[in-house]
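I looked up helix packing, the domains and the ligand shell.

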Amino acid sequence: MKLYFTPRTRSTRPRWMLEELGIPYEVVTVDLDAKEHREPSYLRIHPLGQVPALVDGDVTVFESIAICMYLADRCSERGLAPPASSPLRAPYYQWLLLCPSMIEPAISRWSQHSGEVTEAEREKARTRFADVAELFTRVLAVGPYMLGDSFSTVDVIVGSNLRWARSVGLLEGRDALSGYVDRLLARPAARRVFGD
Ligand SMILES: N[C@@H](CCC(=O)N[C@@H](CS)C(=O)NCC(=O)O)C(=O)O
């Protein structure tokens, strides 16, 4: 497998998955500053010119969460996705899709500098993030993982989102969520990716 990867981007999500699953893979670094993601050879892999992308034999897949879901199903015996017949499959989809539809736009909007967005827009983003943060706090109090007893792909994605949120100050005063991020980042697979 080849993972098209740029450090400190959403590329870390599939890399974390690959490390959790113990799948051998090759990293192909894409230099965004050098505009390598706009070169025709890369656009044949990801027609929208973004990272990450994964090539697995004849299969090419982009979108970080789709790649993680693909990998979880590819190695279903590792239990990082509930089987299609499991009642946990519903919350699995629910939490995974909530991240790019609601959390990522809120973190991104909040992180923008004044001038790029109005203060009212930033405040709306903070409130939207806070609503989800409260919900996650309740889910994880039952947890300890997003799907209950077991670590799953949802934790890779929610953990990645919350790590990003923490880096822009959105987890201040949210010790339970910060502790969850710390627990996830202490996993050997995560340490190999983030080194922190
Ligand atoms: N929804 C996509 C977003 C991909 C994305 O925005 N990637 C950024 C890095 S995090 C990128 O490639 N930026 C360069 C560009 O869009 O020109 C995913 O989750 O993979």
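This is a predicted model: local features need pLDDT of at least 70, side-chain atom pairs count only at pLDDT 80 or more; totals for chains, interfaces and linings use all residues.

How are α1 and α3 oriented to each other, roughly parallel or roughly antiparallel? Residues are numbered from 1 along each chain as its sequence is written.

Entry 1, helices. I took helices as DSSP runs (H or I, at least four residues), numbered from the N terminus. Helix α1 covers residues 12-21 and helix α3 residues 64-74; they pack at about 15 degrees with axes 8 Å apart. Axes are lines fitted to C-alpha atoms over the stretch in contact, and angles run from 0 to 180 degrees between N-to-C directions. α1 and α3 are therefore roughly parallel to each other (angles under 35 degrees). On the α1 side, I found R13, P14, M17, L18 and L21 in the contact, facing S64, I67, C68 and L71 of α3 (C-beta atoms, placed from the backbone, within 7 Å).

The domain assignment, automatic or from a database, gives domain 1 (2-78) and domain 2 (89-187). Their centres, taken over C-alpha atoms, are separated by 22 Å. Eight residues from domain 1 and seven residues from domain 2 form the contact. α1 and α3 each supply at least two residues of the domain 1 side.

I listed the residues around the ligand, among them R10, H37, E63 and S64 (C-beta atom, placed from the backbone, within 6 Å).

Definitions and conventions:
Angles under 35 degrees count as roughly parallel, over 145 as roughly antiparallel, 65 to 115 as roughly perpendicular and the rest as oblique. Two residues are in contact if their C-beta atoms, placed from the backbone, lie within 7 Å.
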